[in-house]
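Subject: Structure for your review

Hello,

Here is the structure I said I would pass on. My notes follow below it.

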Amino acid sequence: MRAVAVPGPDLKEPTRVRTYPVVRALLRPVAHMLPHRALAAGSVLGLLLAAVPRLYERPDAELGVGLLRAAALAFALGAAFLLDDPARHITAAVPTGRAVRVGLRMALVAPLAVLWWTAALLLVPEAARPPVGAMTLEAAATLALALAAATAAVRFSGQSEPGLGAAGGLLAAAVAATLLPVPLGLLVPVADPGWDSAHQRWAAVLAGAVLVCAYCMREAVRPNASRAALTSPSGTSGPPRR
Amino acid sequence: MFPTVSASGLTLRYGGTPALDDVSLRLEEGVTGLLGPNGAGKTTLLRVLATAVPADRGVFTVLGHDPGTAAGRQNLRRELGYLPQTPGFHPDFTAFAFVDYVAILKEMTDRSARHREVSRVLQAVGLSDVRGKRIKRLSGGMRQRVALAAALVGDPGFLVLDEPTVGLDPQQRMRFRELVAEAGEGRTVLLSTHQTEDVAMLCRRVIVMSSGRIRFDGTPAELTARAAGRVWSSAERDPGARAGWRTGLGSFRNVGDPPEGAELLEPTLEDGYLFTLDGEPVREAAA
């Protein structure tokens, strides 16, 4: 017969299981379950877009900016499927939290994203290459927006496959960005005097998206309203008052 | 003896609709069946107790752990097995790899010990022969058993099963009943189902829910007894019956308030369940 646990001090402190061995053991299965097709499609399409200036005899930086933005959007659309997990419901109540699982997926894709972006930048001929720092900021913000949309969908709707909705939301945001009035514009030309201030806004977008991601990766805990109510009517068999 | 689960005043609303309305219950070792119509709140109650969703109000502990704190919830989950209504799998995983993945999420980090445990649960659910087969190649019944194996891995003290026999053929259901009965030995199992036969055959206690509230909490025999003297046979459908249908024998089985001199029949659990939902006064869960 199983011994039934007696309510104890573990309500204050969890039994410590180090996260590192769990993460190490999860590497292989999580790498296996990543949305390889969506990531590959976004990456390949993005690289093709980044390579387009090579078809021009004299490409300029404006062409490079537009195509690098499109490439970053393509990659982010693929990454929007990163959190798709058909087994989300069956793993909804395991001790390894959502933050670890989502964080691991992001960590696995991060090196790929860095390599991919480096390749995309190198594909743009030097004459057409816009400021690398600013474009990297834009690409990072676009990717973070995609991941924020996916993590928010997981947190607030419990969807197991939020990718399609997140990708749709990202596309809508991209369209909306083209409609922003000049003082708030994000997609400004490289020669525009508002280039620097636009990138301050890009930095704000990135920070906001990262905050949304961080918030939505956590699982909601609602404290018990009144633990005293758990005491049995007789007061002899229920958990003690805490 | 401490109850495995002790809950008081659990309330959860989706929009303005109460999915759980002041639910209180205690669960101890053995299989408890949870019956109710669609939308009764069964799945919501299971999800709350499995910590998949927090309640708006109310308190509960499972095996002494308080899910109202991050630490308590984590400790609770270490002793929990959960089979949701729509489990969902990674179709390219093999049965072994999938259960192994769940075992890792249950913090089993010692590879050889974990693999032994995964082999044990796959054997327990009768899937040893297909452990290397991809889940997308398995039948619906086998997939349900993979999900049960995932719930059983780590030998949890509290097992939450949400309609595990949906979509299974009679043979598969019988096999599943065996597995759940075995799982109920030495642990607490809460089984949500639409199948009154499952409850009659498996459970030593049954809870009936409707509109987010508990309408009955007792033994299957007590639930069946609610229809005692209210089921009768006649040659034609009795117009005074609440329900009536022609049986395979040609006579009508009527349920309701029988006329004088009616030929009474032995009620079933389903008859008792129908009477409980049909205008009976609400009886709160046993404290």
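Does Ile104(B) count as buried or exposed, and at what relative accessibility? Its relative accessibility is 1%, and under 20% is the cut-off for buried, so Ile104(B) counts as buried. Please keep in mind throughout that this is a predicted model.

Surroundings of Ile104(B)

Ile104(B) belongs to helix H3 of chain B. Once neighbours within four places in sequence are set aside, Ile104(B) is in contact with Val22(A), Ala25(A), Leu26(A), Pro29(A) and Thr96(A), and also with Arg114(B). As for distance along the chain, Arg242(B) lies 138 residues away from Ile104(B), and 52 Å separates the two C-alpha atoms.

The sheet in chain B

Chain B has an open sheet of 3 strands, ordered E2-E1-E4, and the pairing is antiparallel. Strand E2 (17-27) and strand E4 (57-62) of chain B are the edge strands, each pairing on one side only. Between neighbouring strands of this sheet the turn is 20° on average, with direction ignored. Helix H1 (residues 42-49) of chain B packs on the sheet and touches E1, E2 and E4 of chain B. The direction of H1 makes about 120° with that of E1(B).

Within the sheet, strand E1 (residues 5-14) of chain B is paired with E4(B) over 5 bridges, in the antiparallel sense. Thr11(B) has Arg57(B) as its bridge partner in E4(B).

One residue of the packing helix can be described in more detail. Thr44(B) is found in helix H1 of chain B, and its relative accessible area of 9% makes Thr44(B) buried. Apart from neighbours within four places in sequence, Thr44(B) contacts Leu12(B), Tyr14(B), Ala19(B) and Leu20(B).

Helix H5 of chain B

Helix H5 of chain B covers residues 140-152, which is 13 residues. From first C-alpha to last, H5(B) reaches 18 Å, close to the 18 Å expected at 1.5 Å a residue. Of the 13 residues in H5(B), 10 are buried, so the helix is largely enclosed by the rest of the structure. Among the buried residues of H5(B) are Gly141(B), Gln144(B), Arg145(B), Val146(B) and Leu148(B). The buried residues of H5(B) pack against strand E5 (80-83), strand E6 (158-162), helix H3 (95-105), helix H4 (111-124) and helix H6 (170-183), which are elements of chain B. Just after H5(B) comes Gly154(B), with a positive phi of about 90°.

Helices H5 and H7 of chain A

In chain A, the axes of helix H5 (residues 132-157) and helix H7 (residues 195-217) come within 8 Å and cross at roughly 30°. Angles under 35 degrees count as roughly parallel, and H5(A) and H7(A) are therefore roughly parallel to each other. The crossing of H5(A) past H7(A) is left-handed.

H7(A) has 23 residues, and its reach from first C-alpha to last is 33 Å, close to the 33 Å expected at 1.5 Å a residue. The buried residues of H7(A) include Trp195(A), His199(A), Trp202(A), Cys213(A) and Met217(A). The buried residues of H7(A) pack against helix H3 (61-79), helix H4 (98-123) and H5 of chain A.

Regards

How values were computed: Residues numbered from 1 in each chain as written. Chains lettered and ligands numbered in written order. Predicted model: local features only at pLDDT ≥ 70, side-chain atom pairs only at ≥ 80, totals over all residues. Heavy atoms only, no water. Pairing = 2+ DSSP bridges. Helix = DSSP H or I, 4+ residues; strand = E, 2+ residues; numbered from the N terminus. Axes fitted to C-alpha atoms, helices over the stretch in contact; angles between N-to-C directions. Contact = heavy atoms within 4.5 Å. Expected span 1.5 Å × (residues − 1). Buried < 20%, exposed > 50% of the residue type's maximum accessible area, 1.4 Å probe, protein only. Parallel < 35°, antiparallel > 145°, perpendicular 65-115°, else oblique. Left-handed = near helix turned anticlockwise from the far one by under 90°.
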